[in-house]
Amino acid sequence: MAARPLSRMLRWLLGSSARSCSSGAPVTQPRPRESAQAASEELSRRRQFLRGQAAPFSAILTDSFGRQHSYLRISLTEKCNLRCQYCMPEEGVQLTPKANLLTTEEILTLARLFVKEGVDKIRLTGGEPLIRPDVVDIVAQLQQLEGLRTIGVTTNGINLARMLPQLQKVGLSAINISLDTLVPAKFEFIVRRKGFHKVMEGIHKAIELGYNPVKVNCVVMRGLNEDELLDFAALTEGLPLDVRFIEYMPFDGNKWNFKKMVSYKEMLDTVRQQWPELEKLPEEESSTAKAFKIPGFQGQISFITSMSEHFCGTCNRLRITADGNLKVCLFGNSEVSLRDHLRAGASEQELLRIIGAAVGRKKRQHAGMFSISQMKNRPMILIELFLMFRDSPPANPSISSWDALHVEGLRSRMSFSSQMATLWKGYRVPQTPPLAQQQLGSGSFQRHYTSHADSDANSKCLSPGSWASAAPSGPQLTSEQLTHVDSEGRAAMVDVGRKPDTERVAVASAVVLLGPVAFKLVQQNQLKKGDALVVAQLAGVQAAKLTSQLIPLCHHVALSHAQVQLELDSTRHAVEIRASCRARGPTGVEMEALTSAAVAALTLYDMCKAVSRDIVLEEIKLISKTGGQRGDFHRA
């Protein structure tokens with residue numbers, strides 16, 4: 001990349017002590033036996049030198065508060081191959097017609113203009129930028145711009161492993177990868193698509209190709225992934241990662257709730273409890289992240305505090321959306337169409353006047369978290385930022401409220417240490433069940449939760465209709481002898497080695513009578529412990545997979561499907577639980593279904609016991625089972 005001689009000299013002077021925000025430059029680390037304070041003083045001294053030597057910055061890109069905007073983020077597309085819950089509304093977004101999006105030449109024209117005025121860093125975003133067919137060519141042409149020091153990309157990582165060697169060759173110098181969980185099934189719930197292992201491959205490929213640090217963006221949401229903070233931080237022990245914990249931010253359609261936001265200080269306290277020796281690292285003036293390092297660890301962690309402690313005073317960022325609008329503030333709803341002026345034949349000077357006027361109108365700071373949540377702004381997918389989704393086609397829109405989420409191949413979760421070993425060697429982290437998805441009924445305030453792990457989405461035996469009351473059907477073969485005792489009356493596991501493999505399905509239910517006080521708190525999701533329905537659903541699916549470890553004489557069953565559904569019954573102040581399991585094998589899965597329903601009910605009790613001990617668990621029973629020598633059973 002052709003940089004000015006002065007720029008080269010300044011970069012050399014900064015050396016390894018300069019931390020470039022969201023870039024691939026070396027990260028600030030205190031030298032051996034050097035205190036963080038000494039490193040900070042050294043960085044301050046070098047900044048003063050730079051201010052004295054650098055040429056005057058463009059007045060066009062300097063706002064009324066003296067902030068110099070040297071960092072431009074360009075959205076290459078509104079499209080994405082994932083559907084992150086905090087980024088895109090569940091119903092999707094209305095995409096801009098292709099004719100109204102910036103062409104490649106228009107992108108490069110605007111990039112040249114901004115770089116000429118002093119922008120020295122460009123980050124390509126989306127949507128998902130790596131699904132744009134000409135992204136490699138765009139990077140190659142940006143690399144030719146004199147004065148541009150850094151070309152970065154923010155990606156969900158799905159296509160990264162395949163494309164990164166080419167991108168590095170033409171000049172890509174910085175990578176941010178979005179990853180909000182280390183649990184594959186939870187990943188699938190968050191992004192509504194598959195692709196966890198492809199993201200892992202992308203991170204591994206970036207490390208392999210020498211990017212240091214590889215930045216990993218993690219949006220932290222209460223009740224969803226805040227329990228993984230320490231797991232993410234532990235990744236930095238042996239890997240050159242900068243794991244960036246991002247406060248959950250409000251955008252149009254993402255149903256932002258203050259209670260879902262985990263603040264920087266709360267996250268920091270959690271990490272410090274595990275690693276009290278955590279050290280604060282010096283930051284550049286325009287950095288969005290508060291950086292920390294655990295002594296002895298190769299990488300670092302950072303916190304992006306957009307909500308609790310804004311960094312507006314040192315903001316140096318501008319954004320161009322995929323349809324050509326200039327946004328001077330991520331959280332602002334004011335935009336100026338550069339595309340329209342370009343296509344109307346505006347000269348370079350006219351474009352600069354328009355840009356300068358927009359930058360000049362930039363406010364001192366954004367409106368604050370509560371005001372932002374009420375503002376009309378684009379969904380995140382239509383601006384750009386922290387994305388992660390998957391490569392499979394969208395879920396079938398005809399799926400009912402009981403089938404809100406599909407996850408394939410649920411398996412038991414390993415310990416974190418073995419999970420991480422597998423993660424970075426073979427990218428085959430075992431899956432744990434997805435969290436449930438909330439749906440609101442139209443007639444009354446009800447919350448429905450479901451998890452669905454099914455390799456055959458069209459199976460009728462698990463459809464809501466199969467749970468309707470029905471008389472027992474088929475031959476009801478029973479035994480007058482207990483099957484789990486031997487001829488001498490001692491407990492023994494049944495030998496199923498000679499039984500044929502058949503399709504086995506079982507459905508069980510349970511009811512938890514909460515009482516009016518606890519029921520209202522669950523209904524409104526106001527329990528201090530968190531979302532009781534989500535936790536109960538998660539526990540139920542996990543219990544189904546661990547039944548053989550809980551019930552001594554049960555065979556281990558490799559489930560192909562595990563589903564837990566919870567529905568509120570306001571007439572009884574109760575939660576009705578339905579658990580269903582499916583497997584192909586020589587033994588049934590009714591114990592898995594019953595265990596799932598029972599543990600989900602116990603979990604609800606545990607979540608609500610601080611409010612009321614007058615909670616009753618009842619009606620734990622088998623609803624139906626199919627497959628096996630004794631025939632089918634359907635409870636009336």
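Helices and strands are DSSP runs, numbered from the N terminus. The views below are taken from a predicted model.

**View 1. Packing of helix 4 against helix 5.** Helix 4 spans residues 135-142 and helix 5 spans residues 160-170; the two pack at an angle of about 20°, and their axes lie 8 Å apart. Because angles under 35 degrees count as roughly parallel, helix 4 is roughly parallel to helix 5. Their crossing is right-handed. On the side of helix 4, the contact involves Val135, Val136, Val139 and Ala140, which meet Met163, Gln166, Leu167 and Val170 of helix 5. Of the residues in this contact, 7 are nonpolar, 1 is polar and none is charged.

**View 2. The cis peptide bond between Gly126 and Gly127.** Omega of this bond is about 15°. Gly127 is located in the loop that runs between strand 2 (121-125) and helix 4.

**View 3. The cis peptide bond between Asn212 and Pro213.** Here omega is about 5°. Pro213 belongs to the loop between helix 7 (196-208) and strand 5 (214-220).

**View 4. Arg192, a residue other than glycine with positive phi.** The phi value of Arg192 is near 60°. Arg192 is placed in the loop between helix 6 (184-191) and helix 7.

**View 5. His573, a residue other than glycine with positive phi.** For His573, phi is near 50°. The loop that holds His573 lies between strand 16 (561-569) and strand 17 (574-585). His573 has a relative accessible area of 28% and is therefore partly exposed.

Definitions and conventions
Residues are numbered from 1 along each chain as its sequence is written. This is a predicted model: local features need pLDDT of at least 70, side-chain atom pairs count only at pLDDT 80 or more; totals for chains, interfaces and linings use all residues. Side-chain values use heavy atoms; hydrogens and water are left out. Axes are lines fitted to C-alpha atoms, for helices over the stretch in contact, and angles run from 0 to 180 degrees between N-to-C directions. Helices (H or I, at least four residues) and strands (E, at least two) are DSSP runs, numbered from the N terminus. Angles under 35 degrees count as roughly parallel, over 145 as roughly antiparallel, 65 to 115 as roughly perpendicular and the rest as oblique. A crossing is left-handed if the near helix is turned anticlockwise from the far one by less than a right angle, and right-handed if clockwise. Contact means heavy atoms within 4.5 Å. Ala, Val, Leu, Ile, Met, Phe, Trp, Tyr, Cys and Pro count as nonpolar, Asp, Glu, Lys and Arg as charged, and the others, Gly among them, as polar. Buried means under 20% relative accessible area, exposed over 50%, partly exposed in between (1.4 Å probe, protein chains only).
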